[in-house]
Amino acid sequence: MLWIYYALLKGNAMLLITINSVGCFIQTFYLCFFLFYAPKKARIECLKLIVLMIVVGFGLIVSLTYFLAIGAQRVVIVGWICLVFALCVFVAPLGVVRQVIKTKSVEFMPLLLSSALTLNAVTWFFYGALLHDFNIAIPNVLGFIFGILQIILYFVYKNKKPVSDEKVSELETKNVKTVEHKVPEKKDQEIIDVVKLSALMCSIPVVAKLNEEAVDADDRLVAEPHVPSHTIEVAA
């Protein structure tokens, strides 16, 4: 929207109006899509940003530059504002670059997108340079640098194993080692239990035999009572 406003003030900039009109349409579709599927809390935050940035922010820029600036001065001010926001757009991928370096994964930085951004920056740089419009050329220098950086990082980390996968593998290895350590202990305990049970089973017949012998001895004592013997001595 800012670039469209800049192009309207500058005049003879149909390409800027065309490409940024398409961009406004696509970004509006993205926002509507997000608002439709986002949870309530995220939807409220998004609506706050839309009101703050698009309605209030853009409205203030248009109002202040239109009423407080005159002629060429207005174009210069709006051009500098567009330059600052364009730099912010090109600096934004630094978050993705940081994530790639941290996770060693290019999942969120596809090569096609990085290549397209780099080519886009180069094209708009030469367009701005040929028109001597440095508000267009300067931000795309930064865009070209970050685009090349993203492509280099892609080829560096495309075959790397993500950090999250490495952590999962280490955790699985630790679990396997723990299980392997516990299994012998469990087997040893089972062997000890079997030995104890065998010893117990072997001792049962012995105890039973001893009990039977004790019972037989008691029965014999009851069946054959003890009779005292009397010895009679006869004098010669």
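Predicted model: local features only at pLDDT ≥ 70, side-chain atom pairs only at ≥ 80, totals over all residues.
**Entry 1: helix α1 and what it packs against**

I began with helix α1, which spans residues 2-10, and looked up which of its residues are buried: they are L2, W3, I4, Y5, Y6 and A7. I then followed the contacts of these buried residues and found that they pack against α2, α3, α4 (72-91) and α7. For the pair α1 and α2, the latter covering residues 14-37, I noted that the axes come within 9 Å and cross at roughly 155 degrees. Angles over 145 degrees count as roughly antiparallel, and α1 and α2 are therefore roughly antiparallel to each other. The crossing in which α1 passes α2 is left-handed. On the α1 side the residues that meet α2 are W3, I4, Y6, A7 and L8, and on the α2 side I listed L16, I17, N20, S21 and C24. Sorted by class, this contact of α1 with α2 has 8 nonpolar, 2 polar and no charged residues.

I next looked at the backbone where α1 ends, and found that the helix is followed by G11, whose phi is positive, near 80 degrees. Most residues other than glycine have a negative phi. N12 lies in the loop between α1 and α2, and at 84% relative accessibility it counts as exposed.

**Entry 2: α2 against α3**

What angle do the axes of α2 and α3 make where they cross? I read roughly 150 degrees, with the axes of α2 and helix α3 (residues 40-68) coming within 8 Å. That makes α2 roughly antiparallel to α3, and the crossing of α2 and α3 is left-handed. The α2 residues in this contact are L31, F34, L35 and F36, while α3 contributes A42, R43, C46, L47, I50 and I54. By class I recorded 9 nonpolar, no polar and 1 charged residues for the contact of α2 with α3.

**Entry 3: cysteines**

Two cysteines had come up in the helix contacts, C24 where α1 meets α2 and C46 where α2 meets α3, and I therefore checked for disulfides, which are covalent bonds between the sulfur atoms of two cysteines. The structure holds 0 disulfides. C46 is in no disulfide, and the nearest cysteine sulfur, that of C32, is 9.3 Å away, whereas the cut-off for a disulfide is 2.5 Å. I also looked up how accessible the two residues are: C46 counts as buried at 11% relative accessibility, and C24 counts as partly exposed at 23%.

**Entry 4: the loop between α3 and α4**

G71 is found in the loop between α3 and α4, and at 42% relative accessibility it counts as partly exposed.

**Entry 5: α6 against α7**

I turned to α6 (111-130) and α7 (134-157), which pack at an angle of about 155 degrees with their axes 8 Å apart. α6 and α7 are therefore roughly antiparallel to each other, and their crossing is left-handed. Among the α6 residues in the contact I noted L111, S114, T118, V122, W124, F125 and Y127, and among those of α7 I noted I136, N140, V141, F144, I148, Q150, I151, Y154 and F155. By class the contact of α6 with α7 has 15 nonpolar, 9 polar and no charged residues.

**Entry 6: the loop between α6 and α7**

Last I looked at H132, which lies in the loop between α6 and α7. H132 has a positive phi of about 60 degrees although it is not a glycine, and with a relative accessible area of 62% this residue is exposed.

Definitions and conventions: Residues numbered from 1 in each chain as written. Heavy atoms only, no water. Buried < 20%, exposed > 50% of the residue type's maximum accessible area, 1.4 Å probe, protein only. Axes fitted to C-alpha atoms, helices over the stretch in contact; angles between N-to-C directions. Helix = DSSP H or I, 4+ residues; strand = E, 2+ residues; numbered from the N terminus. Parallel < 35°, antiparallel > 145°, perpendicular 65-115°, else oblique. Left-handed = near helix turned anticlockwise from the far one by under 90°. Contact = heavy atoms within 4.5 Å. Nonpolar A, V, L, I, M, F, W, Y, C, P; charged D, E, K, R; others polar.
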